[in-house]
Amino acid sequence: MSKMPEGFLWGGATAANQCEGGFDLDGRGIANVDVLPAGADRRAVMSGRMKMLACDSDHYYPSHEAIDMYHHYEEDIRLFAEMGFKCYRFSIAWSRIFPMGDEEQPNEKGLDFYEKLIDTCLKYNIEPLVTICHFDVPMHLVTEYGSWRNRRLVDFYLNFCRALFTRLKGKVKYWLTFNEINMLLHLPFMGAGLVFEPGENETQVKYQAAHHELLASALATRMAHEMMPGCMVGCMLAAGSFYPYSCAPEDVWAAMGRDRDNYFFIDVQSRGEYPPFARKRMEKAGVELVMGPEDLSVLKENTVDFISFSYYASRLTSANPELSKQTAGNVMASMRNPYLKMSEWGWQIDPLGLRITMNSLYDRYQKPLFIVENGLGAVDTPDENGAIHDDYRIDYLRAHIQAMKDAVNEDGVELLGYTVWGCIDLVSASTGEMKKRYGFIYADKDNEGKGTLKRSKKDSFDWYKKVIETNGESL
Ligand code: BG6
């Protein structure tokens with residue numbers, strides 16, 4: 001019957017390109033996330049191996065309208081307030097503020113939109129948590145500069161940050177520099193706008209791009225601390241610990257290696273330096289990072305204040321390459337764990353894995369954590385009266401919230417908040433589908449883009465309201 005600590009930030013999370021729509025309104029420019037089609041080609045485009053640098057008429061691009069939060073944000077935030085949200089995490093579309101990315105002056109209409117959205121949150125005492133970059137890069141920066149492989153992106157990103165901090169200081173305390181920064185290694189076009197040329201050394205490009213993002217993150221952290229004393233800047237990891245397939249030391253070692261692929265980013269952002277294992281790995285892979293003379297001291301002196309992460313599932317790996325090929329449905333290759341159930345999309349359901357992941361991250365970094373994504377993507381079918389009885393989602397969330405409570409109350413992990421992913425239905429990042437729904441609020445829109453966009457409450461809406469009301473006591 002335990003509760004969460006006083007002031008705990010319960011809420012929900014979304015990302016601009018997955019919910020806003022209005023992709024060409026009020027001066028917004030096109031971004032990498034707008035040329036990701038729904039359907040069979042999506043994965044190849046996201047990985048950077050199939051070049052799709054503009055939209056064509058053969059594909060459907062779900063971000064263009066999404067659930068049109070651009071025009072519905074007041075109604076949506078009112079519903080969040082009705083659930084009792086203390087916090088709403090959303091991202092700012094870079095190309096709404098800098099349509100091309102390399103302009104000197106921001107697009108005022110873009111800034112106005114986010115200021116109004118934030119004012120709406122504040123009216124309901126909802127703390128905004130802003131993701132500065134949730135995978136998006138203005139397309140012009142991709143085609144003209146090669147995206148994050150080019151160091152000039154650091155300056156463009158910092159101009160973007162300066163515009164945001166100037167306009168939003170005093171209104172936003174919590175900031176995240178990059179969503180799931182480690183996604184760059186797994187889906188480089190979706191995660192960082194990287195497209196590869198045939199024969200190019202992809203590993204070199206990815207790590208160089210990662211260095212530029214890490215540097216940009218540190219410089220943004222410095223700027224935020226200077227311009228907005230008292231603000232809190234966090235990094236963001238696509239988390240989920242790797243389990244070894246067996247107790248064979250080789251499998252344990254393989255699992256440690258896979259975890260380190262991801263920890264590497266957070267090690268730099270939280271501890272301020274490249275860990276020795278990462279240096280060795282890059283050396284072995286022939287990666288030579290090009291750095292400026294000040295880069296290492298910038299990283300060292302500007303570490304993040306808290307560690308945020310997404311958690312959907314744990315992962316499983318083996319040293320045996322034949323075995324480790326058998327993957328379950330996650331973006332990051334993982335074997336099927338026979339002890340776990342799976343979602344309809346093959347994502348393995350492991351609440352205790354959340355407690356394990358929280359403890360691992362807290363042991364490693366000793367900084368407050370923030371769970372900024374967790375939830376179940378499922379098919380919701382309205383009954384004859386239009387009601388959605390999503391007890392499967394309630395079960396998933398109940399078990400994960402219990403694990404989170406245990407990590408805090410039993411293990412002493414410091415946790416700032418918990419925002420459920422896709423608190424209102426939105427477009428799935430990995431598949432481009434609407435059918436993969438996470439929300440407490442149903443948005444009437446289908447995979448083909450049809451629907452009234454009408455919002456309605458699912459059963460989980462009232463359930464989560466009670467969870468928040470009782471500060472986690474009633475699950
Ligand atoms: C995270 C992303 O990877 O997982 C979100 O930050 C994404 O953008 C979420 O939507 C859930 O994944 P999916 O593929 O089910 O939308």
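Modeller: Happy to. Let's begin just after H15, where Gln366 takes a positive phi of about 55°. This is a predicted model, in which local features need a pLDDT of at least 70 and side-chain atom pairs count only at 80 or more, while totals for chains, interfaces and linings use all residues. Residues are numbered from 1 along each chain as its sequence is written, and side-chain values use heavy atoms, leaving out hydrogens and water.

Colleague: What covers the buried residues of H16?

Modeller: The cover includes strand E1 (9-13), strand E10 (348-349), H15 (351-365), strand E11 (369-373), strand E12 (415-421) and H17. Among the buried residues of H16 are Arg393, Tyr396, His400 and Asp406. H15 has buried residues too, including Leu354, Met358 and Tyr362.

Colleague: Why is E11 called largely enclosed?

Modeller: Buried means under 20% relative accessible area, exposed means over 50%, and partly exposed lies in between (1.4 Å probe, protein chains only). Five of the five residues of E11 are buried, so the rest of the structure largely encloses this strand. E11 also has strand partners, and two strands pair if DSSP finds at least two bridges between them. Strand E7 (residues 306-310) runs parallel to E11 and is joined to it by four bridges, with Ser308 facing Phe370 of E11 as its bridge partner. E12 pairs with E11 over two bridges, also in the parallel sense; there, Leu369 has Leu415 as its partner.

Colleague: How many aromatic pairs are found in the whole structure?

Modeller: The search finds 30. One of them is Phe85 with Tyr464, at 6.0 Å centre to centre and 85° between the planes.

Colleague: What makes the pair of Phe85 and Tyr464 edge-to-face?

Modeller: Rings of Phe, Tyr and Trp (its six-membered ring) pair if their centres lie within 6.5 Å; planes under 30 degrees apart are stacked, over 60 edge-to-face, and the rest tilted. At 6.0 Å and 85°, Phe85 and Tyr464 are therefore an edge-to-face pair. They link distant parts of the chain, 379 residues apart: Phe85 is in the loop between helix H3 (69-83) and strand E2 (87-91), and Tyr464 is in helix H17 (residues 459-469). Phe85 counts as buried at 3% relative accessibility, and Tyr464 does at 0%. Another edge-to-face pair is Phe165 with Trp175, because their centres are 4.9 Å apart and their planes meet at 75°. Phe165 sits in helix H7 (residues 152-168) and Trp175 in strand E4 (residues 174-178), ten residues apart.

Colleague: Which residue has its charged end over the ring of Phe113?

Modeller: Arg96, at 5.5 Å from the ring centre. A charge sits over a ring if NZ of Lys or CZ of Arg is within 6 Å of the centre and within 35 degrees of the ring normal. Lys436 also lies over a ring face, that of Trp347, at 3.7 Å from the centre.

Colleague: Why is Cys231 said to be in no disulfide?

Modeller: The whole structure has zero disulfides. A disulfide needs two cysteine sulfur atoms within 2.5 Å, and the nearest cysteine sulfur to Cys231, that of Cys161, is 11 Å away.

Colleague: Are Cys231 and Cys247 buried or exposed?

Modeller: Cys231 is buried, since its relative accessible area is 7%. Cys247, at 74%, counts as exposed.

Colleague: Why is Glu115 called buried?

Modeller: Its relative accessible area is 19%, so it falls under the 20% limit. Glu115 lies in helix H5 (residues 108-123). Leaving aside residues up to four places away in sequence, Glu115 touches Arg167, Leu168 and Lys171, where contact means heavy atoms within 4.5 Å.
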